[in-house]
Amino acid sequence: MDRWAGKIALVTGASAGVGAATVETLVREGLTVVGIARRVEKIEKLGEKLKDAKGKLWAKKCDVTKEEEILEVVEWIKKTLGGIDILVNNAGMAHFASISDGDTEGFRRILNVNVLAVAIFTREAVRSMKARQVDGHIININSVLGHGVPEVSDKYSLYPSSKYAVTAMTEVTRKELIKANAKIKITSISPGLIRTEFLAVATTEAVAEAVYSQRPILDPEDVANAIVYALGTPPHLQVCELILRPVGAS
């Protein structure tokens with residue numbers, strides 16, 4: 001990780017869960033991290049905890065469903081810090097409903113956050129890296145549901161579909177980077193169930209706790225450590241996909 005010291009990492013969905021764990025891990029590794037979320041005050045509070053760390057945290061407010069806000073953040077990074085060296089596409093959401101009887105607005109929210117925002121951030125990060133001839137790295141936080149739908153349920157809505165899109169988007173981008181002769185890496189990290197507020201936001205705290213009590217789960221730090229592993233590989237080696245499951249998970 002020494003080669004990333006002082007480099008600029010942009011982490012989306014940085015106010016809690018995997019995003020917050022990733023921000024903390026990267027700042028402690030000596031990176032300058034721009035953490036973005038709608039709840040920017042949570043990132044600012046995390047910044048107070050990290051004021052003596054090797055790196056630095058910048059907190060920026062951004063709604064990833066609004067392209068103009070994404071572009072404003074990217075432009076701020078360019079003018080203030082120089083550009084993006086690492087992108088962690090972590091922001092995501094679920095909407096518990098069926099496809100056959102679900103509401104269109106729920107469909108739209110999932111696609112806007114889980115697919116369209118990932119594409120926009122990836123485009124802007126690649127442009128930044130190419131313009132500065134940087135051998136950067138893009139990390140897409142995917143899901144095991146981007147590789148299979150194991151259970152019978154009428155609550156998935158478009159969440160697995162959106163994560164299948166991330167799986168495909170990662171590979172399509174990798175092929176584009178090969179064609180462009182760019183030395184930019186891209187990695188999909190697909191965790192299983194993680195103990196974060198993600199499930200409680202999509203359902204209720206009671207439902208989330210019931211699920212967590214019945215199944216093996218991962219911690220946000222497990223995903224953050226996987227990100228560090230992927231970033232720490234030598235320049236000639238690319239981790240294309242990491243699937244993370246807790247021991248005992250089916």
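The legends below describe one predicted model, from the whole chain down to single residues.

Residues are numbered from 1 along each chain as its sequence is written. Local features need pLDDT of at least 70, side-chain atom pairs count only at pLDDT 80 or more, and totals for chains, interfaces and linings use all residues; side-chain values use heavy atoms, with hydrogens and water left out.

**Figure 1. The whole chain.**
The chain has eight helices and seven strands. Both are DSSP runs numbered from the N terminus: helices are H or I with at least four residues, strands E with at least two. The radius of gyration is 17 Å, close to the 18 Å that the globule rule gives for 250 residues, so the chain is as compact as a globular protein of that length. That radius is taken over C-alpha atoms, and the rule is 2.2 Å times the number of residues to the power 0.38. Along the principal axes, the C-alpha atoms fill a box of roughly 45 × 40 × 35 Å.

**Figure 2. Inside and surface.**
Of the 250 residues, 51% are buried. Buried means under 20% relative accessible area, exposed means over 50%, and partly exposed lies in between (1.4 Å probe, protein chains only). Contact means heavy atoms within 4.5 Å. Among contacts with a separation of 6 or more, 71% join residues 24 or more positions apart. The chain exposes about 12400 Å², and carbon and sulfur atoms supply 52% of it. These areas come from the Shrake-Rupley method with a 1.4 Å probe.

**Figure 3**
Helix α4 covers residues 104–131 and holds both Glu105 and Arg108. They sit three residues apart, about one turn of the helix. A salt bridge joins them, with the closest N and O atoms 3.1 Å apart. A salt bridge here is a side-chain nitrogen of Lys or Arg within 4 Å of a carboxyl oxygen of Asp or Glu. By this rule the count comes to 13 salt bridges. Glu105 is partly exposed at 39%, and so is Arg108 at 43%.

Arg123 pairs with Glu124, their closest N and O atoms being 2.8 Å apart. Arg123 is partly exposed, at 32% relative accessibility. Glu124 is buried, at 10%. Glu124 also meets Arg127 in a salt bridge of 3.2 Å, N to O. Arg127 and Glu124 both lie in helix α4, three residues apart. Shared partners join Glu67, Arg123, Glu124 and Arg127 into one network.

**Figure 3. Gly83 in its loop.**
Gly83 lies in the loop between α3 (67–81) and β4 (86–89). Gly83 is buried, with a relative accessible area of 2%. Beyond its neighbours within four places in sequence, Gly83 is in contact with Ile8, Ile77, Lys78, Ser128 and Arg132. Leu57 is 26 residues from Gly83 in sequence and 15 Å away in space, C-alpha to C-alpha.

**Figure 4. Two loop residues with positive phi.**
Most residues other than glycine have a negative phi. Gln133 has a phi near 55 degrees, a positive value. Gln133 lies in the loop between α4 and β5 (137–141). Gln133 is exposed, at 72% relative accessibility. Asn181 also has a positive phi, near 55 degrees. Asn181 lies in the loop between α5 (159–179) and β6 (185–191). Asn181 is exposed, at 59%.
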